[in-house]
Amino acid sequence: MTIKAITTADQTVHIDFTAHPAVSLQVFSAQIIRVCAPEALSLTSHAVIATPSQAPFTVDRDNAGGVGLQTSALHLHIDASGHVDVYDANDLALVLDYRGQRVPLNLDLPEDSHSVIEEEGHAGRDSAVNTVSSQVIKALSPDEHFYGLGDKTGFIDKRGYEYDNWNTDDASPHLEHYTKLYKSVPILYGLREGRPYGLFFDNAARSHLDLGKENPGYYYYSVAEGPLDYYVIGGPTLASVVQQYTQLTGPTPLPQRWTLGYQQSRFGWQDAAEVSEIAATMRRYHLPCDVLHLDIDYMAGYRVFTWNSTRYPQPAAFVKALHQQGFKLVTIIDPGVKSEPGYSVYDDGIGHDYFVKTPAGQVYTNRVWPGQAVYPDFGAPRVRQWWGDYHARLTAIGVDGVWNDMNEPAGFDGPLPDDLVFTDETKPSTHAKMHNLFGHNMSRAIYAGLQQQTGRRPFVITRAAYAGTQRYATVWTGDNQSLWVHLQMMVPQLCNLALSGFSFAGTDIGGFGADTTPELLIRWIEGAIFSPLLRNHSAMGNRRQEPWVFGEPTLSIYRKYLELRYRLIPYLYDLFAAGEQTGAPVMRPLVYAFDQDPAVVEIGDQYMVGDALMVAPVLEKGKTSRLVYLPAGEWIDFWTGEHLAGGQEIRVEVPLDALPLFGRVGTMVPMGPKQEYLTDAPDQEMDFRCFGDHGTYRHYQDDGSSFAYRDGAYNLYQITVSAGVAAVTVTHAGDAVALYREIRVHVGHSQQKFVLDKQQYCALNKKEVIE
Ligand code: MIG
């Protein structure tokens, strides 16, 4: 076995072997090397938007007949048998091919035993990947931890579990043995002996990852069809690996500011009168709220782009009245179009040949909410254009955002057959290849439609997604239930989504299925209060869970946290603005920020918000105190101002209304005004709270809704506190919104006031003690 030839063209190196299929290596940047079969190079990725940079690299043969490729950050080696090993700049191992064979788990049950366990209700093992076109097996170190993979169930560290990438709508409780949910985001992060790396497997077909479940000596990836195609991403920190991945697939665009407000939803709200009453009750109880959602109940017989005229006789007037009370309205849209001649969406789609067909050329139907339904072929640009345009029916009457559901795609009569004819841009394809891209392409269609129709930053929420869908849509984690284990799963799920490029994500607060309890609802709003998408949603047939239904003290505690959220929206908005530039997510597991601290690798019940705040929510029933791990550094108790040393675990009291929250010394957060809803009116003044007596902070401000910021229409402020003394400078003044009249910087118990004078901030007083 030898290497026959090595050819280099631009950033790509082709390696031909005598006894191994050819391998192509593509240097995307010093930190990213793509490893693929040569035929993958001619495919168009749906996820990757970056192109190879001009990063310098060298290629040399070694004495043992192998080839080395070096960038300033990564050293990759291929031996004559095709084994790929990747090391960091210090030649320490990151990702090594396993030299042995897989030993599958013992599943050799006799046929009759299979039927017995199935009959008894134990389905046995259903792997999504039955055929395999390619597979990689990587050596697993005893000290190696895994993260990412989108919204998979279970714990923060994925080691020891297996997962499938096949978008799936399954309403039974999502527990840690689940291998697949609604999204397929094949980005795997590893932390091997403290050294971070990423592996992005860019193939949307069914794929499987076993992360040391089958054998503690290796982990493996297999995919059902198509060529092998993966990217190795190197450090130096986990944070930088995540940011590299996010740049590769595109960061979350800055959303409209109001989308960070509180959102209330319910599957089963009956009609305009009931929704109007919900709106009025929010205001009556002074519960900050920006958005109401209409689930499928608003449509006529679940026909998309229609309104039920009995329940919503005057949709435009209804939306207008909500707007007048400061609410935005989001409506759900499913992909399934009722199969019904005479219904315009159906007729139009049939007329233009927009729906998915069987191999025999018949339009394919399955049953979803409206009954027999047909599926738009979103992989085709003309179908996306058509679908996007249809949303003018919603935007024309003032609908502010669109929520996509059922777009795995789901079907009540069972899964769509693999061989259905789908389109991949200009080429014919199959359901099997396009399944995991259905939600991606649907979101893309709507993003374009809303942008064109409103000129605002589109607010699209999707359930199904592939890597890169974050460019078009916000996500939620689908049908969780009002279970404490699902509250516990929220933190790992949202943190892993954040690492997987999905900075804008949330869960159904209070739980979608099953009956919530007052205590669970309280702990849920506390724990979720910094989740970027903040929405309470529940299903008909289950107990109501609007914030007032349990009376006091639930109502007041709920309000207290919504008020906290609203004061910190400027901080979340800053994180989104920065994240669009850097790829850094809003919500972060502790391991993101402290990857060299072995104590945090499994922590899934605390999270960071940016680098300033750490949240340690109560996720268990009946808790009166909990342990909180404070990583190295110094911390300030957000509520009491108490100074706490890092590198220790502390026990804190957690009565029902308590959320342990800590500021990291050396950082700052902006705190906006208390308000019941956001408007496009710019803030006139801003407060900044510094944790400790020093720090610098970059604050961003724009019109909150348009794309003008991309042409420079934004303001940037630099706040500096040094030995307790604050300074404010304007580092960019776009002409979109006026600079703040006044800025106050809070350091400990003192505040320093700055007023605007000729584009500059002058300190009004040195220090003013407020207590
Ligand atoms: O089969 O539209 O996840 O949020 O309320 C249920 C009704 C269909 C599932 C979504 C859920 C939504 C519900 N939908």
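## Charges over rings

The charged end of Arg689 sits over the Phe638 ring, 4.7 Å from its centre. The term applies if NZ of Lys or CZ of Arg is within 6 Å of the ring centre and within 35 degrees of the ring normal. Arg283 lies over the face of Phe327, 3.8 Å from the ring centre.

This is a predicted model, where local features need pLDDT of at least 70, side-chain atom pairs count only at pLDDT 80 or more, and totals for chains, interfaces and linings use all residues. Numbering runs from 1 along each chain as its sequence is written, and side-chain values use heavy atoms, with hydrogens and water left out.

## Aromatic pairs

The whole structure holds 43 aromatic pairs (Phe, Tyr and Trp rings, the six-membered one for Trp, with centres within 6.5 Å; planes under 30 degrees apart are stacked, over 60 edge-to-face, the rest tilted). One of them joins Tyr262 and Tyr558 edge-to-face, at 5.8 Å centre to centre and 80° between the planes. These two tyrosines are 296 residues apart, Tyr262 in strand β19 and Tyr558 in helix α12 (DSSP runs numbered from the N terminus: helices are H or I, at least four residues; strands are E, at least two). Both Tyr262 and Tyr558 are buried (under 20% relative accessible area, with exposed over 50% and partly exposed in between; 1.4 Å probe, protein chains only).

Tyr375 and Phe438 also pair edge-to-face, at 6.5 Å and 65°. Tyr375 is in the loop between β24 and α6 and Phe438 in helix α9, so the pair ties together parts 63 residues apart in sequence.
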